[in-house]
Amino acid sequence: MVERSGSITIMNGLSATTPAKTKKLGGYVGFSNYPNQVHRKAVKKGFYFTLMVVGESGLGKSTLVNTLFNIGLYPEKSDVTPSKETPKTIELQTLSADIEESGVKLTLSVIDTPGFGDFVNNEDSWKPILDNIEARYSAYLDQESRVNRSRVVDNRVHACIYFIAPTGHALKPLDVEFMKRLHTKVNLIPVIAKSDTLTEEEVATFKERILSDLSFHNIQIFKPTLYENDDPDTVAEVSEITSKIPFAVVGGTEELVVNGRKVRGRQYPWGVIEVDNEEHNDFVKLRQMLVRTNMEELKDYTDTVLYEKFRTDKLQSQGHVQDNTVFKEINPVTKMEEERQLHEAKMLKMEAEMKMVFQQKVQEKEQKLKNSEDELYARHKDLKEALEKQRQELEEKKKRLESGLRPMTDDKSKKKGFPFKQ
């Protein structure tokens, strides 16, 4: 009996996939509205995003974050009382804010790393940052392992903006070491801080050197992904964003008036650097990738690749072993082929075992025959020696008879009284 349903053909209880056929509906069903249902649920629940910023002091980390999200997450420098004591270690600080735009709510968490790269000896300065990232992974793993998982809070780091000093030369050893240690743990987004201190030619050359260093040290940084069904406009947009990496950015929240219009930027004696002007810096492309187009991709890559690798390594280190065959999809044709191969392998093994037993029996039989042959040869030799001895005795008796000597008698003949006459 053959039953056809959609694109699956069922025969004798076994299913085989057939090429899918797209059918046109005669009327409106309504499942095309499913994305709107997901959208409503997501908007009601709200979104969350955790961003880490790492770089030396004075590179404008707090200013860039305030500029990215257009909020005063960090207080103004004038409002902060400078500390007289120089920090001896890296102190990670977490700032959070609930942002709402056009009815969409976002819970933003920013992890700052004051003190990074500010010491004479910066050896292992990356370790507190790596420990923090892994601790957040461990906390999420513990939540997943609970019996009651009704509310799982995701505090994992979804992206890390690494600020590179605008030296114009190449990556410093500290930059290379940090990114080598963390590129498998978090989505790295390198930016050239305060790029307005460099000319356009210096920025272009500096970007080439940075990319060359990253390639030489096999450091993976986040780049937007292109998909097969992307339209030409999306492909062009992603390609343009990728071409700007590493982003040369300028941060600034001060509003200035330029030619009768208000802009965010920095005032210099020679002119104004506009933050949102793509001809002046790459800030717009950074914000576009980080917030407008690839925020969900950053979170998805963190969950499915980076966290999954950490989770696998952690569970394996605890002695957990997974049988991958449990989750294997079974195709009847493939299953029959596997069983046939297993049967053939079993028959070959049995044949080899039978050959081995046969050879062993033959060797045992040959050994027995050899032993019997050796035994018969030894008996034949003994009999031959006995016959040769008897022949010699007879020859000796014959010679005595022929010479007229009496034959030798034994003691029994004398006792019975048979005299010997000469």
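**Figure 1. Strands E11 and E12 pair side by side.** E11 and strand E12 (residues 271-274) run antiparallel and are joined by 4 bridges. Two strands count as paired if DSSP finds at least two bridges between them. Helices (H or I, at least four residues) and strands (E, at least two) are DSSP runs, numbered from the N terminus. This is a predicted model, in which local features need pLDDT of at least 70, side-chain atom pairs count only at pLDDT 80 or more, and totals for chains, interfaces and linings use all residues. Residues are numbered from 1 along each chain as its sequence is written, and side-chain values use heavy atoms, with hydrogens and water left out. Gly-265 faces Glu-274 in E12. A hairpin of 2 residues links E11 to E12.

**Figure 2. Strand E10 joins E11.** Strand E10 (residues 255-258) pairs with strand E11 (residues 261-268) in the antiparallel sense, over 4 bridges. Glu-255 has Arg-264 in E11 as its bridge partner. Val-258 is partnered by Arg-261 in E11. The E10 and E11 hairpin has 2 residues between its strands. There, Asn-259 takes a positive phi near 55°.

**Figure 3. The sheet of E10, E11 and E12.** These 3 strands form an open, antiparallel sheet in the order E10-E11-E12. E10 and E12 are the edge strands, each pairing on one side only. From one strand to the next, the twist averages 70°. Axes here are lines fitted to C-alpha atoms, for helices over the stretch in contact, and angles run from 0 to 180 degrees between N-to-C directions.

**Figure 4. A mixed sheet of 6 strands.** The order in this open sheet is E5-E6-E4-E7-E8-E9, with mixed pairing. Strand E5 (93-101) and strand E9 (247-248) stand at the edges with a single partner strand each, so one side of each has no neighbour in the sheet. Strand E4 (residues 47-54) and strand E7 (residues 159-164) run parallel, joined by 4 bridges. Val-54 stands opposite Tyr-162 in E7.

Figure 5. Contact means heavy atoms within 4.5 Å.

**Figure 6. Where H3 meets H8.** The two axes come within 10 Å and cross at roughly 80°. H3 and H8 are therefore roughly perpendicular, a term for angles of 65 to 115 degrees. Among the residues in contact are Tyr-137 and Leu-141 in H3, and Leu-306 and Phe-310 in H8. By class, this contact has 6 nonpolar, 2 polar and 4 charged residues. Ala, Val, Leu, Ile, Met, Phe, Trp, Tyr, Cys and Pro count as nonpolar, Asp, Glu, Lys and Arg as charged, and the others, Gly among them, as polar.

Figure 7. In helix H7 (residues 283-293), 8 of the 11 residues are buried, so H7 is largely enclosed by the rest of the structure. Buried means under 20% relative accessible area (1.4 Å probe, protein chains only). Phe-283, Met-289 and Leu-290 are among the buried residues of H7. The largest nonpolar core has 70 residues. Such a core is a set of buried Ala, Val, Leu, Ile, Met, Phe, Trp, Tyr and Cys residues joined through side-chain atoms within 4.5 Å. Phe-49, Phe-178, Ile-189, Phe-247 and Leu-290 touch the most other members. Leaving aside neighbours within four places in sequence, Phe-178 is in contact with residues including Val-54, Trp-126 and Tyr-162.

Notes:
Buried < 20%, exposed > 50% of the residue type's maximum accessible area, 1.4 Å probe, protein only. Parallel < 35°, antiparallel > 145°, perpendicular 65-115°, else oblique.
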